[in-house]
Amino acid sequence: MKPIHEHKHKPKEMSQTFDFNEAEPRLYVWWESNGWFKPEIAGPDAEPFVISIPPPNVTGALHQGHAMFVTLEDLMIRYERMRGRAALWVPGSDHAGIATQLQVENMLREEGASREGVGRAEFLRRTWQWKAEKGGRIYEQLRRLGASCDWDRERFTLDDGLSRAVREAFVRLRDDGLIYRGPRLINWSPGLQTAVSDLEVERIEQQDVLYYFRYPIAGEPIENGLPVATTRPETILGDTAVAVHPADPRYKQYIGKTCLVPMLNRPIPVIADEYVDIEFGTGALKITPGHDPADYEIGERHGLEVVSILNKDVTLNANAGPYAGLDRFEARARLWADMEAAGMVIKTEPYTHSVPVAQRGGELIEPMVSTQWFVKIKPLAERAVEAVRDGRIKIVPEHFEKVYFNWLENIEDWCISRQLWWGHRIPAWHCADCGEITVLREDPTTCAHCGSARLEQDPDVLDTWFSSGLWPFSTLGWPDETPDLKRYYPTSIMETGYDILFFWVARMIMMGLWFTNDIPFHTVYLHGLVRDADGRKMSKTYNNVVDPIEVMDEYGTDALRFTLVTGSTPGNDMNLDIKRIEAMRNFGNKIWQMARFITANLPGETPAGAPDAAARRALSLPERWIMSRLARLTQSVQRLFDGYLYGEAGRQLYDFLWGEFADWYIEISKTTLYAEGQEDAKQRTRQVLVHVLETCLRMLHPFIPYITEAVWQHLPHEGETIMLARWPQADESFIDEAAEAQMNMLIDLIRGIRNARKEFDVAPSQGITAIFRADGSAPLIESNREMFRRLANVTDLSMMDGSAAAPDQAAAVVSGEVTCFLPLAGMIDIDAERARLAKALEAIEAHVARTEAQLANANFVTKAKPEVVERTRARLNDLKAERESVAGRLEALK
């Protein structure tokens, strides 16, 4: 016999409602202070299960994306912990180079200072100070979500250990011949004054102008010029060719001729390339390898010169001739005016297209050739492709594998340098005497090539994704062979958003395989984006951001978590509706009320666990049914967890607890619990009530940790905390198909009687008569008279012979071989009801006629919005169904 365990954090008795504001912080502190988040709690021989948290930006404030990944990862960790595994969730944060630097620059600007004004050393001191003051907020918010991380293992991408790992990785790649420095086309952010990764570039639709002009042909009048269209006239000054499609009959005669760059008269060739879209613009394409990614590739194919016309502040440089020094947009206007004066302009027209803008700042990104540091990434990518192809790494959902392969098989060299100060400074020193570069694990004092002491460290820092790519193993101590690295690497699952599959997940796989010769994790689980209730992206612009902190303040953490998981499926976006969060809050309250009812009916000790063999032989039909349904539910939840379908598992738990356990079994149990005597039967019922709820609480704990712990502490249980309670295993011996079939019939009949009462507007307090034609099921009906009385207020239940005629003026409810007749004379005033139904039928007929006429009107069907027409058709179907129902009830009264 296992009594309820007393713990000092447990309230004396269950309150009317669950106070999440009081319980959540109390329970979290209790869990953490007992060391239950640590993997060592499982013992030295336990199989590890490890997740490295996607490190949120140190600048970050909690948003729904964080709430989604924290909920899913905490669910996985709590589940595996309950299965007895050494569950380690490694927490940490990212230094977030650009985001953090911008925050500190804004702070300096408010003080009337600037980054350049205070200098690099002081700027970095101020940034570390800012991090110390503000950086802990995101951790507090992760705790608020219930994140059961091992906080003693918290890491930061700029801490000493990870900085050493970054330098080790850089040096090894350099020694392997995979890091080089040179000029290439990159994304340049004029506002940030740095190269940025593709991830830091967003594409937006913009209303623009398409400029048509004639490209002068050498030795020919301008009227014979080659017609070309562009959205960026200023880049004409950097053109090094004009391309046409080799199969375009309009321009075949131009191939091989020489064009002259407008206003500069620099000669460039007309070339043929199949990349050119014959349908776009004029079908001829100006080629600017220095300022367009596609043009850069064409230039490489044809050996074209790369001419850069922009300075880093996006003014034009000396290559722009008379336009040097002008801002890019000022140069555009000036050049176009000059071309118009020279007779080159054909026309302009409005044009909407996608343009690249900086994720932070929103200014137009300029593709620009710049000297940067790059990684030759293809050798790493080949290993990453093979690891997924041969099944060592599984991506969930699987269809993202195709996208993964396509990206890696077409990958370009990775620009890893950023013109920032906050970040891992590139460990390369330039020699002022010989011009060579020294790269070492420790800061050098002399040049490795000439011995000169005149060295200066490269001013750039590494792309944030470089250190993030090392995250699964650097956080465990790599490059040292630490005990954590030996025990917990490779990690188990990388759970993150599908939107960073390339930028982060693929890099972790590439770098993990390269530096550890092993996969960094065996499974990649990708979740979708969290959108608003209408499916729009959450944005301050739309004023539709749902703040998770505000949601938790109002509805509790469990409600938010359960909504996020049950509303989502792997790899798909989800719509977040406050009404669903409210419904999930109500579910938590329902669990609390179930527990209050059960605990109020536990006068003494009640055994924990399922009924033993002796008790099982005496279980009633409803008890055998609910135990069978629980066994099937446990099987199904396990199958869904095995397939990473956590949302469906949560939905099934919800449906079972509310739709079967609360609505049916708990109500039925009151018959036994409130009866006189029958102590043995009462004790069996109590044990079943406790066992079913306690088992469901354990399955629900990974989803909704707070309320499950709070309720579990009031029930008979084994152990100190539900966190470490054993994950339920299905006991198939309880599966009872006969009991399920019999209860399904009884439930169908009771539901049908309830519906009939509602249709005929019979007061809940009014007892009714039910006459059953049950044939072989008569004993089942007879033995469950009390169930019909309690759940449908059937006060007079009788049986009729199978050959007898149906009684007159009776509603009929059918389930399988059983028919239940409900004589209406004892329920309603038949004449008044007949008149009411006739009037209702007349109104419905009129409504049907009007709706059919509307849909027969061609003007309405063709001119109304499609959704309006569809709604009208749906309404007509509803009206016809209502007409049939009312006519049936009227017929029963004849």
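Thr100 is buried (under 20% relative accessible area, with a 1.4 Å probe and protein chains only), its own relative accessible area being 0%. This residue sits in helix α3, where helices are DSSP runs of H or I with at least four residues, strands are runs of E with at least two, and both are numbered from the N terminus. Beyond its neighbours within four places in sequence, Thr100 is in contact with Val58, Thr59, His95, Thr127, Trp130 and Trp422; contact means heavy atoms within 4.5 Å. The model is a predicted one, in which local features need pLDDT of at least 70 and side-chain atom pairs pLDDT 80 or more, while totals for chains, interfaces and linings use all residues. Residues are numbered from 1 along each chain as its sequence is written, and side-chain values use heavy atoms, without hydrogens and water.

A cavity is a set of points on a 1 Å grid over the protein atoms alone where a 1.4 Å probe fits but cannot get out, and lining residues have an atom within 4 Å of a point. The largest cavity holds about 40 Å³, a volume being the space filled by probe spheres set on grid points joined across faces, edges and corners. Its lining includes His95 and Trp422, and α3 (97-110) and β21 (461-462) each supply at least two of the lining residues.

As for the whole protein chain, 55% of its 894 residues count as buried. The chain has 29 helices and 29 strands, and its C-alpha trace spans about 110 × 75 × 55 Å along the principal axes.

Methods: 1 Å grid on protein atoms, 1.4 Å probe; cavity = no way out; pocket = protein on both sides within 12 Å on 5 of 7 lines; lining within 4 Å. Buried < 20%, exposed > 50% of the residue type's maximum accessible area, 1.4 Å probe, protein only.
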